[in-house]
Amino acid sequence: MTTEARRAPCVCLVTIHGIGFEQRPTANQPMSGYADVLHARLSRALNSGDGPPLISDDPTTQRPPQDGAAPGVAGPIYVESAWPVGTHNREAGLKRLGVWRSKHKQQFMGAVEAGPEAALTAQGLPIAHVALVYSHLEGESGNFGDVVEAVGKVAGAFSNYQNVFGAIHMAFNDVVAMARPPHRHDTPIAQAEPLTGQPSLRVRADAAHHLPRFGRPPLPKHEPAPSPTFADIVLQLQDDVATYVCRNDLRQRVRGFVRDALLRLIYREDVAGIVINAHSHGSVVALDVLSELSPFEARKIWWLITAGSPQRKYVNLFAWEREIGALREVGLRDTAGRNQAGDDVLPLRWVNFWDPRDPVGDPLRPVTLRDQIPEDYSDSETLYRWIDPMEGSLSHVALLDRKVSNVDHVRGGGLRAHNYWDNEPEFIAPVAGLLRHLVKDRLRGQTSAATPPSAATIPPSPDDTLILKN
C-alpha cells in the first residue's frame, strides 16, 4: 500500500485571489502571505470550542510557529507557479501537491504520487488549506494600452450592465463606503486580531507595479510588506482586469497553472473533495478553469465560494461566456428541477458573497442588476445557464447570493467594502460552518479516499443551503 493511500481522506480548501494580490510569505515577516490572515481566522473558528480541531496548518512549513503559538500561525500551504522565485521552473513549484506518475494505473484516482513532502494535513486533521500564488505578474513593461482597450470595451457595453442613474448611485455608495468608519461592536474587533494589525486585502509588493502611478515612483521590486492603501488596491484591480481581458498569453498561463494545481488535488487518493474559495478577480480565473474540467474531474469539487466577484461585469461588459460547462457537476441534485414557470433550473453548490458598497463585486443570481434577488429557485431566468450536451436543452443556473456589509465589520485598510476575508461574522463564520458541515456529513459519513463524491452517490442534505442562509 502506498504512502498516500494510507492517509485519511481530507477536504481541501483551495484559495485563489487576483494576480496582483497573491503575495507569497516573506521570511521573518509574520502574516505576510496573502492568505495568512484568512487562514488564522478560519483556524480560530474551526479549532476552538467544544469540538475537535479540524483545519491544519501547512504540515511541512518552513515557517514553524513559536512554542506555544496558537494554531493557524504557520499558515496554509502556498503553491507557486514557479520555484525558485525568478525562474520558470513550473514543476518545482507544483510538486508540493504531488507529481504525476510516469506509469498510470488503470483507474484515474491515484494518478498523482504524493510522498511525505507533499502531505496536505497534519495527522488527525480533516481539512487542508492550499493558497495558489501566480509567481509572475503581468510583465515588467508598461501596459497602459491594455487599460485603454479595456476602457473602450466597457464604454461600448456599459448599458448592458447598468443605467446612468444606477451608475451614479453606485458611485455615491462607493464614496460613502470609503469614508465610513467601521461599526462599533459590543465585543471590539481588536480582540479578534491576535495575529495581525493589518487587513487581508493588500497589494503584493514582491514585484514592481506596471502601470503609471500618477507621478509616484514604483514600489521596490522586493519590498517585503504588501500595501493596503486605497490607491494601490484600486490601481492593481485595474491592472489585473485590463491585462486578463486584453492579453491572451497571460490569461492562458494563469489558467494553466490553476488547472494543473487543481488536477493534482483531484487525482490524489487522499483528497475526498475540494472547496474553491475565490476572491475578487480570482473568481474569474476559477470559473474559467472549473468550466473546462471534465465531468468526472468536476465531481470532486464539492462547493464553490466566491466573494467580491466581478463576474457579472465580465459577462455584461466583455461578453464573457455564461455557459457553466462542467460546473454542472457541483449541482445540488442529479437532474435539473423546474421553477414555477416550468423552465429547467439547475441549483449549484455555489455561494456568492457580495457587498452593495463594493465597486467590484455584484450579486450573480438575477439576470440583471435591476431584478430582485430570489430567495429560492423560482426565478425563470438567471445570469448563467447550462446546456445539456446530449439533448441540447437549456437549464437556468441558480446559486446562493449572500449579502454582507464589510464596511460595518472590517477595520482598517484602503477598500473595506471589498475586504471579505476580514468580515468574521458574515464571511468567516458561514464558511467555517460549511466546512464543518462537510466534514461531518460528507467526509466522515459518506465518502472514502478511493471513491470521489458525486451527485449519484451522495444525497444532498437540506442543510447544504440553510447553513449559509442563516
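This is a predicted model: local features need pLDDT of at least 70, side-chain atom pairs count only at pLDDT 80 or more; totals for chains, interfaces and linings use all residues.
**Figure 1. Pairing of strands β7 and β9.** Strand β9 (residues 344-354) pairs with β7 in the parallel sense, over four bridges. Strands are E runs of at least two residues in DSSP, and helices are H or I runs of at least four, both numbered from the N terminus. Two strands count as paired if DSSP finds at least two bridges between them. Residues are numbered from 1 along each chain as its sequence is written, and side-chain values use heavy atoms, with hydrogens and water left out.

Figure 2. Six bridges connect β7 with strand β6 (residues 271-279), and the two run parallel. Within this pairing, I274 has I301 in β7 as its bridge partner. Strand β9 also pairs with strand β11 (residues 394-403), again in the parallel sense, over seven bridges. Here L346 has V397 in β11 as its bridge partner.

**Figure 3. Burial of strands β7 and β9.** Strand β7 (residues 301-307) is mostly covered, with seven of its seven residues buried. Buried means under 20% relative accessible area, exposed over 50%, and partly exposed in between, using a 1.4 Å probe and protein chains only. In β9, eleven of eleven residues are buried. D344, L346, L348, W350, N352 and W354 point one way from β9, while V345, P347, R349, V351 and F353 point the other way, and all are buried.

**Figure 4. Packing of helices α6 and α7.** Helix α6 (residues 230-246) packs against helix α7 (residues 248-266) at an angle of about 100°, and their axes are 5 Å apart. Helix α6 is therefore roughly perpendicular to α7, a label given to angles of 65 to 115 degrees. Axes are lines fitted to C-alpha atoms, for helices over the stretch in contact, and angles run from 0 to 180 degrees between N-to-C directions. T243, Y244, V245 and C246 in α6 meet N248, L250, R251 and R255 in α7; contact means heavy atoms within 4.5 Å. By class, the contact of α6 with α7 comprises four nonpolar, two polar and two charged residues.

**Figure 5. The whole protein chain.** The chain has 13 helices and eleven strands. Of its 470 residues, 56% count as buried.

Notes. Angles under 35 degrees count as roughly parallel, over 145 as roughly antiparallel, 65 to 115 as roughly perpendicular and the rest as oblique. Ala, Val, Leu, Ile, Met, Phe, Trp, Tyr, Cys and Pro count as nonpolar, Asp, Glu, Lys and Arg as charged, and the others, Gly among them, as polar.
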